[in-house]
Amino acid sequence: MGLYKMSKSALKISFLLCLLCIFVVTLTESQKYKPTWESIDSRPIPEWYDDAKIGMFITWGVYSVPSMSSEWFWWFWKGQPQSYIVDFMKKYYPPKWTYADFAKDFRAEFYNPKKWRDIIVSSGAKYIVFTSKHSDGYSLYPTNVTYQWNSRDVGAKRDLIGDLQVALKGSGVRFGLYHAMIEWFNPIWLADQRNNLTTQHYVKDYIFPQLREIINTYKPDMLWNDAGWLAPSWYWNATVFLAWLYNESPVKDYILTNDRWGSDCFCKHGGVWTCSDRFHPGHVMPHKWVNAMTIDKGSWGYRRNADLRDFYTIEELLKEVIYTISFGGNILINVGPTSWGTLAPIYEERFGQLGSWLKVNGEAIYKTTPWSYQNDTLSNRVWYTASKKDKSTIYSLLLDWPVDNEVTLGALKDIPVSNVTLLGSEAVMKFSQESAGLRVVFPYLNIRQMPCLWAWSLKISLQ
């Protein structure tokens, strides 16, 4: 009887030890990424991002009320004063007016998330990055980290982020969030600065809670972190947060981040490389990169004082898109909404034009990869991409319709070609190998027969 009891007891202990081993193994596997840059940088870029190519950046906040200069209005008024802003405020506002006084007029009274959704979808953008908070600290959602400085408590009195996320459900557009780490005038940040960053109260008591809050609340597909350049990544505990994000967070399996996690991270550590705003490497990069740019060349936020010449024309915008994709980048195109919640007609027009072009030429953009050549050897106005799926298919994108209806592609010299078609057209394309390259003869088309009005794509089948 005693022997039987000992065996039963030993069996129970063995069972518990097995459970403990399984738990330890499971825990080890779940902690795949360690809080080191070597480990964090080993995480692959999610496939959805490289396939998407085109994104829309939405920069929105209290700065759209004065809507002058840029989203840095407060800093250039009080932090590093610029005379034209100081003079503007003296002329049009009372002496005791503060930046916080603008918030009550950030009402977003005409904000219609469904209309925004329609504009986003029709633009051809496959993902968005929406401001959760800029460096003025104002949050576009009902945060529990700060009080009286968010869209629930002052201004719109609604969850601006959540409303758009709901509207985009089922649209096929992925949802990303922008988050600025530095807040220019936050006293906790300023105290850490005075302590030469030997304290991290701002990170531990403020930034980490905010980051976790937006991740747990909105579960975004992308986190575009920003404004961390005044401190190195160790101050921000960047690898600690990213290890949590990749191992434990509700978005660990699919979220994408960027490289703006400290002054030592640009073009080096994190997720997709942004390197700088409006980044152009001029060559194929060893890592996925993005060109984050603005349709308004002078500002990310809405400006009342912008001139027409400040905005990209559709021809200029398509050149940016084609150039970027040819070198393996994604392009993130910014719009700055008004304080009353609309997209100015110039933005609506540009995104509509982009969408109409992508309906015809999207095959040469989405799910592509760089080809052996990015730019043609004979014409700097001709660019190339290659199909990911079909290795024998490449695309030649011409920024100009040939004046004499024919073009010679130097990059295709001596390369056997079986077929050439013009995307969006059923017209027969004639082609032949010549001494200088592949000669392609375009059909004579009137304006109504043109597949699109700007930039044309040749689909070329290689033998």
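Strand 9, which spans residues 382–387, is mostly covered in this predicted model, with six of its six residues buried. Here, buried means under 20% relative accessible area, exposed means over 50%, and partly exposed is in between, using a 1.4 Å probe and protein chains only. Strands (E, at least two residues) and helices (H or I, at least four) are DSSP runs, numbered from the N terminus. Both faces of strand 9 are covered: Val382, Tyr384 and Ala386 are buried on one side, and Trp383, Thr385 and Ser387 are buried on the other.

A word on the ground rules: residues are numbered from 1 along each chain as its sequence is written. In this predicted model, local features need pLDDT of at least 70 and side-chain atom pairs count only at pLDDT 80 or more, while totals for chains, interfaces and linings use all residues; side-chain values use heavy atoms, with hydrogens and water left out.

Back to strand 9 and its partners. Two strands pair if DSSP finds at least two bridges between them. Strand 8 (residues 368–369) pairs with strand 9 in the antiparallel sense over two bridges, and Thr368 sits opposite Ser387 of strand 9. Strand 9 also runs antiparallel to strand 10 (residues 393–398), and five bridges join them. Thr385 has Tyr395 in strand 10 as its bridge partner, and a hairpin of five residues leads from strand 9 to strand 10.

These strands belong to an open sheet of five, in the order 8-9-10-15-12, with antiparallel pairing. Strand 8 and strand 12 (417–422) are at the edges, each with a single partner strand, so one side of each has no neighbour in the sheet. Strand 12 pairs with strand 15 (residues 456–462) in the antiparallel sense over five bridges, and Val417 has Leu462 of strand 15 as its bridge partner. Helix 12 (residues 314–326) packs on the sheet and touches strand 8, strand 9 and strand 10, its direction making about 50° with that of strand 9. Contact means heavy atoms within 4.5 Å. Axes are lines fitted to C-alpha atoms, for helices over the stretch in contact, and angles run from 0 to 180 degrees between N-to-C directions.

There is another open sheet to look at, with three strands in the order 11-14-13 and antiparallel pairing. Strand 11 and strand 13 (430–433) stand at its edges, each with a single partner strand, so one side of each is left without a neighbour in the sheet. From one strand to the next, the twist averages 15°. Strand 11 (residues 406–409) has a covered face, made of Val407 and Leu409, and an uncovered one, made of Glu406 and Thr408. Four bridges pair strand 11 with strand 14 (residues 438–441) in the antiparallel sense, with Glu406 opposite Val441. Strand 13 and strand 14 are likewise antiparallel over four bridges, and Gln433 has Leu438 of strand 14 as its bridge partner.

Now for the helices. Two packed helices are described by the angle between their axes and the distance between the axes. The axes of helix 9 (residues 201–218) and helix 11 (residues 238–247) come within 12 Å and cross at roughly 20°. That makes the two helices roughly parallel. Angles under 35 degrees count as roughly parallel, over 145 as roughly antiparallel, 65 to 115 as roughly perpendicular, and the rest as oblique. Phe208, Leu211, Arg212, Ile215 and Asn216 of helix 9 make the contact with Val240, Phe241, Trp244 and Leu245 of helix 11. These residues divide into seven nonpolar, one polar and one charged. Ala, Val, Leu, Ile, Met, Phe, Trp, Tyr, Cys and Pro count as nonpolar, Asp, Glu, Lys and Arg as charged, and the others, Gly among them, as polar.

Helix 7 (160–168) is mostly covered, with seven of its nine residues buried. What covers its buried residues includes strand 1 (54–58), helix 6 (113–123), strand 2, strand 3 (174–180) and helix 9. The axes of helix 6 and helix 7 come within 9 Å and cross at roughly 55°, and the two helices are therefore oblique to each other. In helix 6, Pro113, Lys114, Trp116, Arg117 and Ile120 meet Asp163, Leu164, Ala167 and Leu168 of helix 7. By class, this contact has six nonpolar, no polar and three charged residues.
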